[in-house]
Amino acid sequence: MEKLFEGKTVVLTAGPTYEPIDPVRFIGNHSTGKMGYALAECFASRGAQVQLVAGPTNLQAQHEGITVTPVTTADEMYAAVKRLAPAADIWVFAAAVADYKPKVVATKKIKKTGAELTIELVKNVDIAAALGKEKRENQFALGFALETDNEDSNAREKLKKKNLNMIVLNSLNDPGAGFKHDTNKITIIEENKTTAFELKHKSEVAQDIVNLIWERLYV
Ligand code: CTP
């Protein structure tokens, strides 16, 4: 494999975040982290130094070029990315960050006293958007979007809102794509271009993404 990314640093978020409700419960999602880890392996196999900021997953990074910073919550993920991002050439936001967190985390286990329980939620930091405000000219940012309708226009809106160079669109309308599968079917959206790919294994999808980033940055 050609070490095309030798000397480059990539910061990559992956997996879900868990937002605690009390000492034993949390709000989470079904992200496995597979797409993010596949991207980390692909960048590393091409010579990049990868800083992988990972929410809770069962996965283990294999390549020695990958340094993992394990985190649990969106706030922890943001703190780690904020620290690592300024020194990186490429930012990849592949994590399924919980959009909301409980306003108050109970210090003791919540007992089932009433027939109903209301948990007040507040918005989490949008890591990609916050970092987007600090992105330099020579830095490249890639994000993901999972959409069910108005896919193209929703993804383009996120591209702008989060100051991304590229957004990978997963459609929930495509069988075999998204959270729980080893395969994914993506469309890569840039300001002036849309590139559609076939359904593939996530490791091959990662190669397609990394190839296109290479083309945009260095060809
Ligand atoms: N993202 C992030 N921090 C968040 C939420 C999302 O960094 N708090 C990143 C994801 O990693 C992904 C991109 O932003 O790369 C798109 O996330 P998504 O949840 O689809 O977008 P939202 O702006 O939250 O829009 P929606 O209302 O559709 O959830």
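Student: Which strand supplies the largest share of the lining of the largest pocket?

Tutor: In this predicted model, strand 9 supplies the largest share of that lining, with four residues. Strand 9 covers residues 140-147.

Student: How do you know that a residue belongs to the lining of the largest pocket?

Tutor: A lining residue must have an atom within 4 Å of a point of the pocket. For the largest pocket, 37 residues line the space. Those nearest its centre are A95, A96, V97, F144 and L146.

Student: Which helix gives the most to the lining of the second largest pocket?

Tutor: Helix 4 gives the most, with three residues. Helix 5 (202-218) also supplies at least two.

Student: What makes strand 5 and strand 13 edge strands?

Tutor: The open sheet has eight strands in the order 5-4-1-6-9-10-12-13, with mixed pairing. Strand 5 (66-70) and strand 13 (193-196) each pair on one side only, and they are therefore the edge strands. From one strand to the next, the twist averages 15°.

Student: How do you know that strand 9 pairs with strand 6 and with strand 10?

Tutor: Two strands pair if there are at least two bridges between them. Strand 6 (residues 90-93) and strand 9 share four bridges in the parallel sense, and strand 9 and strand 10 share six, also in the parallel sense. On one side, W91 stands opposite A141 in strand 9. On the other, F144 stands opposite V168 in strand 10, and E147 stands opposite S171 in strand 10.

Student: Why is strand 10 called largely enclosed by the rest of the structure?

Tutor: A residue is buried when its relative accessible area is under 20%. Six of the six residues of strand 10 are buried, so the strand is largely enclosed. M166, V168 and N170 point one way, whereas I167, L169 and S171 point the other way. Strand 9 is mostly covered, with seven of its eight residues buried.

Student: Which helices lie across strands of the sheet?

Tutor: Helix 4 lies across strand 9, strand 10 (166-171), strand 12 (186-190) and strand 13, and runs at about 150° to strand 10. Helix 2 (residues 74-84) lies across strand 1 (9-14), strand 4 (49-54), strand 5 and strand 6, and runs at about 160° to strand 4.

How values were computed:
Residues are numbered from 1 along each chain as its sequence is written. This is a predicted model: local features need pLDDT of at least 70, side-chain atom pairs count only at pLDDT 80 or more; totals for chains, interfaces and linings use all residues. Side-chain values use heavy atoms; hydrogens and water are left out. On a 1 Å grid over the protein atoms alone, a cavity is a set of points where a 1.4 Å probe fits but cannot get out, and a pocket is an open set with protein on both sides within 12 Å along at least five of seven lines; lining residues have an atom within 4 Å of a point. Axes are lines fitted to C-alpha atoms, for helices over the stretch in contact, and angles run from 0 to 180 degrees between N-to-C directions. Contact means heavy atoms within 4.5 Å. Buried means under 20% relative accessible area, exposed over 50%, partly exposed in between (1.4 Å probe, protein chains only).
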